[in-house]
Amino acid sequence: MVHIGQWKDKTVTISQKINSLTISIETTNETLVFSFDKSGRLWTALVKKISYRRGLNGSIVAKWSSGREVLHRKWLDLPEQEWLLNLSHNTIQSLLNDTNFSFTVFSPPIHTSTIQELSKLSEITQKFYLNDVSNYHSVYKPVGILPPDQYISVVLQLTEGCSFNKCTFCTFYKERPFIIKSPNEFEQHIMDVKKFLGNGLSLRRTIFLGDANALVVPMNKIIPLMEIIHNHLDVEKLGGIFAFLDGFSGERKSIGDYQKLRDLGLNKIYIGLESGNNQLLKFLNKPGSALDALNAVRTIKSSGISVGIIVLLGAGGKQYGENHITDTIEIINQMGLDADDLVYFSELIESEGLEYSQKAFSENLEPLSGVERQEQRKRIEEQLLFSDFGTPHISTYDIRDFVY
Ligand code: SF4
């Protein structure tokens, strides 16, 4: 329900949904927008044309565009986080405390429960957020990365870390052992996650099995673990279960295995293909070959589960560039992807300490510029062929945007 009213010279819009409350305060010059989950956590904001998104772990990313549509990004430091959180709750407090403000002027009239919710939001202070972040860290080990369409999921760490952990371009799980939770540990984890999210669970869509490759867990272990999820969460209502399959180093599952997992709610599997070129995969120290990835995709899709394929742009620089393009096109075109699937293009993000960068330096690889990486994407994308059942959604996967 959307309610619109006036406050001084401002238009106030309150959007009350089953899973969130959004308040927008607009003048001719400025628009302030704050959205909260049902536990009262700030989720997104818009202030001075800068959009903010807060993760459950307390981090907040700010994004804005310059006149020429170049996107800027900044992770807020602690004082900046406090400023934004205070602004959001204090703005509601000012509204409620102002004797010139009356809910009676809203159209349609505002329900008492919405006024109570606003009142609770106005009372939230830094202490609430400090507790919340501390609770987050007691529930979760660091969540390394998620696919962009899963930032709003309920992450359940059935496993922790990566069973392979040796790819030269990836630092998400370095220094962390790979752990499969026991049924008791996993059940406790799910209960802890639910308690932590509280009413904020209603904002979450989908369940994501952490971390990097929960699906390498053998069938005799993963089936009871997935059954436990159903004892605590309405999997269907949440939109199903999603997971990465990365590093084809564990038990290879059959179509029948995946069908069993699909029956337990597994909806989509994200596969870090990176490239269709085996020499490049070797250079990246990625486990398995392009053919392994193709076979896995065919098996998964035959079981009725959809896939998200991730391609690494810029990997291998100019030396590998041409083969990366042609072999990636060739392998993806054999996958029979359709409208249920996704293709993500993810740019290689280099840093000084990255093993990839050191290896690229010692082999004198010539890096691709940002423009050349986008050209690489364009050339791959233009030549992709899909099945008769529609075209997958093709999108950008920028790991620097990740927030949970
Ligand atoms: S398999 Fe995936 S998560 Fe593991 S090190 Fe390689 S890229 Fe990183």
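1. Helix 10 (residues 317-332) and helix 12 (residues 370-382) cross in the right-handed sense, that is, with the near helix turned clockwise from the far one by less than a right angle. Helices here are DSSP runs of H or I of at least four residues and strands are runs of E of at least two, numbered from the N terminus. This is a predicted model, in which local features need pLDDT of at least 70 and side-chain atom pairs count only at pLDDT 80 or more, while totals for chains, interfaces and linings use all residues. Residues are numbered from 1 along each chain as its sequence is written.

2. The axes of helix 10 and helix 12 come within 9 Å and cross at roughly 30° (lines fitted to C-alpha atoms, over the stretch in contact, with angles from 0 to 180 degrees between N-to-C directions). The two helices are therefore roughly parallel to each other, a term for angles under 35 degrees. Their contact (C-beta atoms, placed from the backbone, within 7 Å) is made by G321, I325, T328 and I329 of helix 10 with Q376, R379 and I380 of helix 12. By class, these residues divide into three nonpolar, three polar and one charged, where Asp, Glu, Lys and Arg count as charged, and Gly is among the polar ones.

3. Helix 1 (residues 78-97) and helix 2 (residues 112-123) pack with their axes 7 Å apart, at an angle of about 125°, and are therefore oblique to each other. The crossing of helix 1 and helix 2 is left-handed. Helix 1 contributes H89, I92, Q93 and L96 to the contact, and helix 2 contributes L118, S119, L121 and S122; four of the contact residues are nonpolar, four are polar and none is charged.

4. Eight strands form an open sheet in the order 1-2-3-4-5-6-7-8, with antiparallel pairing (a pair needs at least two DSSP bridges). Strand 1 (2-7) and strand 8 (71-75) are the edge strands, each pairing on one side only, and the twist averages 15° from one strand to the next. Within this sheet, strand 4 (residues 31-37) pairs with strand 5 (residues 42-47) over four bridges, and S35 stands opposite T44 in strand 5. Helix 1 packs on the sheet, touching among others strand 1, strand 3 (20-26) and strand 6 (50-54), and its direction makes about 85° with that of strand 5.

5. The protein chain as a whole has 12 helices and 17 strands. Its radius of gyration is 23 Å, close to the 22 Å that the globule rule gives for 404 residues, so the chain is as compact as a globular protein of that length (the radius is taken over C-alpha atoms, and the rule is 2.2 Å times the number of residues to the power 0.38).

Notes: Parallel < 35°, antiparallel > 145°, perpendicular 65-115°, else oblique. Contact = placed C-beta atoms within 7 Å.
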